[in-house]
Amino acid sequence: MTTEIPVPVVLAGARGHGRWHLDNIRRLADAGLVTLAGVCELQPLPDSELAGLGGVAQSPDLGDLLDRTGARVAVVCTPIPTHTDLALTAAARGVHLLLEKPPAPSYAEYERMAAGVAEAGVACQIGFQSLGSHAVSHVRDLVRDGLIGEPLGIGAAGAWARDEAYFRRASWSGRRRLPDGNGGSVDVVDGVLTNPLAHAVATGLALDGATGADDLTAVRTELFRANAIEADDTSYVSITTRTGSRVTVAATLCAERPDEPYVVVHGSHGRITFWYKQDRVLVQRAGHGPQETTHARTDLLENLVAHLTDPAGATELLVTPAATGAFMRVVEAIRRAPDPRPLPASAWHTVPGGGGDGTVRRVVPGIDGLVAASADTLTGFAGLGADWARRETGPARTEQEAAR
């Protein structure tokens with residue numbers, strides 16, 4: 001049976017990035033598509049943040065909140081280590097899901113989540129918003145039609161900046177693992193490639209068509225950190241697919257001049273650049289002038305609502321758990337890689353942060369150019385001659401090795 005509009009939604013995690021989801025839910029509520037039935041937060045939101053949304057229940061217990069409100073959809077935007085358990089809490093009650101990326105901190109947790117969701121028979125959308133861009137299918141069509149000749153590989157570049165305070169915003173920020181309170185630990189894997197610039201990885205894989213868990217044969221990483229954290233903030237990954245194609249991503253949170261991330265599809269007769277946050281595509285090929293287009297985007301929660309309320313059942317989910325299997329293979333390779341190497345003090349310096357509150361951020365000189373050169377040449381930092389990256393990196397991991 002289809003769900004009726006408006007669909008009651010519970011938001012788990014309404015602070016930080018969760019505020020974006022709260023605003024998006026408000027937009028869809030104004031359009032008559034959803035109602036905000038509840039907010040799950042450790043500390044309740046003030047009434048001012050929920051003004052105009054009707055009677056919104058609040059509780060730190062997601063299961064209790066879902067039971068009390070009768071919500072049909074849960075948006076889960078909570079710390080990475082909690083994703084699987086909260087997703088399964090919702091699924092056990094027959095509640096459909098929009099689960100933020102990364103869907104899980106390890107491949108085992110991803111499999112546990114995906115199996116539980118499938119067994120419960122609920123719909124689950126993973127929050128890679130860039131994959132809702134209509135530019136993704138547009139670029140793939142151009143490549144398929146031979147517009148830039150024979151595909152030669154895909155390179156992604158992300159040069160962002162984060163203040164040192166960013167890594168102190170929560171106990172899990174910038175961590176690879178956390179104590180579990182029983183003498184062990186739980187995975188977090190909050191690195192540049194797995195969280196802030198995870199879209200660059202997922203978008204590169206989507207443009208290649210390598211999205212499934214069995215689509216990769218090797219993942220090689222170069223993981224570094226300029227900040228005083230456990231996880232990586234300046235990294236490169238090279239991915240080989242079953243078809244023999246290559247997808248590379250170079251990313252940093254220590255940019256000199258932060259800019260929009262992008263993905264480049266290289267061909268024998270040209271290239272296509274996709275700025276995925278802007279839905280903007282630039283085609284450059286021999287014998288032709290540059291062609292730039294901007295594309296629409298389907299919001300993932302709106303797509304989930306349409307999927308649930310379409311009586312004909314023709315509206316498919318855009319980003320299912322299965323469509324993030326290859327991404328999770330990359331997460332697993334990063335999780336199992338040696339801890340990121342700290343950059344020497346000579347390789348970075350501090351500049352004032354953007355908040356005007358005395359916070360500083362760490363900058364790696366030359367990193368903007370290295371990230372761009374990596375996307376252009378499908379080469380890692382070591383291969384590009386960065387002094388701090390020249391030590392031998394580890395061998396490529398096959399997907400089977402990454403999964404173990």
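The lining of the largest pocket in this predicted model comprises 16 nonpolar, 11 polar and 9 charged residues. The pocket holds about 1,100 Å³ of space. Its lining is made up of 36 residues, of which R15, G16, H17, C77 and W172 are the closest to the pocket centre.

A search of the whole structure returned 2 cavities of 30 Å³ or more. The largest cavity contains about 50 Å³ of space. Its lining consists of F128, L131, A202, L205, T211, A323, T324 and F327, which divide into 6 nonpolar and 2 polar residues, with no charged residue. For the second largest cavity, the volume is about 40 Å³. Here the lining residues are Y166, F167, D190, G191, V192, P196, I229, D232 and L253. By class, this lining has 6 nonpolar residues, 1 polar residue and 2 charged residues.

F327, part of the lining of the largest cavity, also belongs to the largest nonpolar core, which numbers 100 residues. Within this core, F327 is one of the members that touch the most other members, along with L36, L193, I272, L301 and V330. With neighbours within four places in sequence set aside, L301 is in contact with N24, I25, L28, V73, V75 and L98. Another core, of 21 residues, lies apart from the largest one. Its members include A157, I367, A375 and A389.

Aromatic side chains were considered next. The count of aromatic pairs comes to 8. One aromatic cluster is formed by F224, Y236, F381 and W388.

Two arrangements of an arginine over a tyrosine ring were also found in the model. In one, the charged end of R169 sits over the ring of Y166, at 4.0 Å from the ring centre. Y166 is also among the residues that line the second largest cavity. In the other, the ring of Y107 has the charged end of R329 over it, and the distance from the ring centre is 4.0 Å.

Conventions. Residues numbered from 1 in each chain as written. Predicted model: local features only at pLDDT ≥ 70, side-chain atom pairs only at ≥ 80, totals over all residues. Heavy atoms only, no water. Phe/Tyr/Trp six-rings, centres within 6.5 Å; stacked < 30°, edge-to-face > 60°. Lys NZ or Arg CZ within 6 Å of the ring centre and 35° of its normal. Core = buried A, V, L, I, M, F, W, Y, C linked by side-chain atoms within 4.5 Å. Buried < 20%, exposed > 50% of the residue type's maximum accessible area, 1.4 Å probe, protein only. Contact = heavy atoms within 4.5 Å. 1 Å grid on protein atoms, 1.4 Å probe; cavity = no way out; pocket = protein on both sides within 12 Å on 5 of 7 lines; lining within 4 Å. Points joined across faces, edges and corners; volume = space filled by probe spheres on them. Nonpolar A, V, L, I, M, F, W, Y, C, P; charged D, E, K, R; others polar.
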